[in-house]
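Dear colleague,

I am passing on a structure that I have been reading through, and I would be glad if you could look at it alongside the notes below.

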Amino acid sequence: MDWGDVSQYLETAATVAGYGGILYLTTMTGLSSYDILLRHSRIKSQEELDAVVEEEAFHLELDPGTIEARYGEPSPSLNRAFVTKTTVDGYVIGVPKNTTRNIVKHELYHIYRGDCEQEEGAVNAFLAENRAILYQSLGITM
Ligand SMILES: [Zn+2]
């Protein structure tokens, strides 16, 4: 293999990685938009949210007693659903009004995977978000 082959190889690899990256980003953006575009049923009250959290926590074998869900209280900075750890084994999930079950599943999956326990580096955050999107949209646990 001479330098020409190497540079040809690198060019091809970069092209493939570029297309792969575009495909990947398109897929993940598509999956995360799935809730917004399709008319999934909306959660209309705190009581309904509590019921959904209990059901979905059960699927992930989480103790719903450790999770406080707050209806109509998304993160103030991003106006999006969030989850955070509050005590040793306690969590808060905040969601906007009219959120969907899939969004709740997404936040619960972060608890399930221990994402709230870890230092939030860029790579960790990237992996954690994409795992949670796969679970919320397709039910894939990984
Ligand atoms: Zn997330």
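Among contacts in the protein chain between residues at least 6 apart in sequence, what percentage join residues at least 24 apart? The figure is 57%, where two residues count as in contact if their C-beta atoms, placed from the backbone, lie within 7 Å.

Please keep in mind that this is a predicted model, in which local features need pLDDT of at least 70 and side-chain atom pairs count only at pLDDT 80 or more, while totals for chains, interfaces and linings use all residues. Residues are numbered from 1 along each chain as its sequence is written.

On confidence, the protein chain averages a pLDDT (the predictor's confidence in each residue, from 0 to 100) of 86, and 85% of the residues score at least 70.

The protein chain has four helices and three strands, which run α-α-β-β-β-α-α from the N terminus on; helices (H or I, at least four residues) and strands (E, at least two) are DSSP runs, numbered from the N terminus.

The three strands form an open, mixed sheet in the order β1-β3-β2, two strands being paired if DSSP finds at least two bridges between them. Its edge strands, each pairing on one side only, are β1 (67-71) and β2 (82-87). β1 pairs with β3 (residues 90-95) in the parallel sense over five bridges, and tyrosine 71 has valine 95 in β3 as its bridge partner.

Two helices pack on this sheet. Helix α2 (residues 46-59) touches β1 and β3, and its direction makes about 145° with that of β1; axes here are lines fitted to C-alpha atoms, for helices over the stretch in contact, and angles run from 0 to 180 degrees between N-to-C directions. Helix α3 (residues 101-112) touches β1, β2 and β3, and its direction makes about 155° with that of β3.

α3 is largely enclosed by the rest of the structure, because 11 of its 12 residues are buried, meaning that 20 or more other C-beta atoms lie within 10 Å of a residue's own, with C-beta atoms placed from the backbone. Among them are Ile103, Val104, Leu108 and Ile111, but also Lys105 and Glu107. For the protein chain, buried residues make up 23% of the 142 residues. Just after α3, glycine 114 takes a positive phi of about 75°.

With best wishes
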